[in-house]
Amino acid sequence: MIGRLRGAVAEVGEEEALIDVMGVGYVVRCGHLTLQRLPALGEETLLHIESQWSESAGLRLYGFATREDRKAFVLLQAIQGVGPKAAMAVLDVLSPAELASAVAREDKAAVGRANGVGPKLALRIVTELKDKPITDGPVLMTAPTSTSASSAPAKPAPTGDAVAALMGLGVAEVNARRVVEAAADRLGEEATVQALIKAGLQELGR
């Protein structure tokens, strides 16, 4: 099964992208946030892939900007009633860290903001993900403070974008995370994605 793809962005649709890997085009289904974070057409990207096979649909590839996104997608689908579409919808409104926080707070309303996720399914998600390792980082207990959270997708963290960008340049994930986290500590919470990428490249001597 395919676990990761690095290639040029050939096409971007409403629910999927076509990634050209050495002349072979892979159709990858992605959430709206992942699609928005893709570089311009023709530029290289790296997607973490969850491969699924069924007799009716054959092989389907689901793509994510980070390994944590893919991990959360897999955990969500292990819950009865949560298919790929619902799992993608949850990750469009909550990052893995925000999902872990919502689960810790038993905040079914936050999960219920996802398109197609009703109150009963939101409660099931919050209940069944309790004590599951959704994210590798610490779980924050504070709720999102954005007043527009109910009408707009959650904004991706700058550190996640910076890590993904460095990985797209061929930097190993562990090294990309190390230099970006170090840069974020130095530059503070207001650091932009561009500043984190620049600092990370300097740290790597590039």
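Tutor: Happy to! Let us begin with a definition: a residue is buried when its relative accessible area is under 20%, exposed when that is over 50%, and partly exposed in between, using a 1.4 Å probe and protein chains only. What you see is a predicted model, where local features need pLDDT of at least 70 and side-chain atom pairs count only at pLDDT 80 or more, while totals for chains, interfaces and linings use all residues. Residues are numbered from 1 along each chain as its sequence is written, and side-chain values use heavy atoms, with hydrogens and water left out.

Here is the overall layout. Helices (H or I, at least four residues) and strands (E, at least two) are DSSP runs numbered from the N terminus. The protein chain has nine helices and five strands, in the order β-β-β-α-β-β-α-α-α-α-α-α-α-α from the N terminus on. Of its 206 residues, 39% count as buried.

Now to the interior itself. A nonpolar core is a set of buried Ala, Val, Leu, Ile, Met, Phe, Trp, Tyr and Cys residues joined through side-chain atoms within 4.5 Å. The largest one here has 30 residues, and those with the most contacts inside it are Leu76, Leu99, Val111, Val117, Ile125 and Leu129. Two or more residues each come from strand 5 (58-64), helix 2 (67-77), helix 3 (84-93), helix 4 (96-105), helix 5 (108-111) and helix 6 (119-128). Helix 3 gives the largest share, seven residues.

To see the packing up close, pick valine 111. With contact meaning heavy atoms within 4.5 Å, and residues up to four places away in sequence not counted, valine 111 touches Val90, Leu94, Leu99, Ala102, Val117, Ala122, Ile125 and Val126. A second, separate core of 15 residues includes Leu46, Leu166, Val171 and Ala176.

Just after helix 4, glutamate 106 takes a positive phi of about 60°. Glutamate 106 counts as exposed, at 56% relative accessibility. It also takes part in one of the two salt bridges of the structure; a salt bridge is a side-chain nitrogen of Lys or Arg within 4 Å of a carboxyl oxygen of Asp or Glu. Its partner is lysine 130, at 3.8 Å from N to O. This pair links distant parts of the chain, 24 residues apart: glutamate 106 is in the loop between helix 4 and helix 5, and lysine 130 is in the loop between helix 6 and helix 7. Lysine 130 is partly exposed, with a relative accessible area of 32%. The other salt bridge joins the side chains of arginine 105 and aspartate 107 at 2.7 Å, N to O; arginine 105 counts as partly exposed, at 22% relative accessibility.

The loop between helix 6 and helix 7 (158-168) also holds aspartate 131. This residue, which is not a glycine, has a positive phi near 70°, and aspartate 131 is exposed at 76% relative accessibility.

Let us finish with the strands. Two strands pair if DSSP finds at least two bridges between them. Strand 4 (residues 44-54) runs antiparallel to strand 1 (residues 4-12), with five bridges joining them, and glycine 7 stands opposite threonine 45 in strand 4. Strand 4 is also joined to strand 5 by seven bridges, again antiparallel, with glutamine 52 opposite arginine 60 in strand 5. Strand 4 and strand 5 form a hairpin with three residues between them.

Threonine 66 sits in the loop between strand 5 and helix 2, and is buried at a relative accessible area of 11%. Leaving aside neighbours within four places in sequence, threonine 66 is in contact with Arg37, His48, Gly160 and Arg177. Methionine 22, in the loop between strand 2 (16-21) and strand 3 (24-30), is exposed at 84% relative accessibility. Methionine 22 has a positive phi of about 55° although it is not a glycine.
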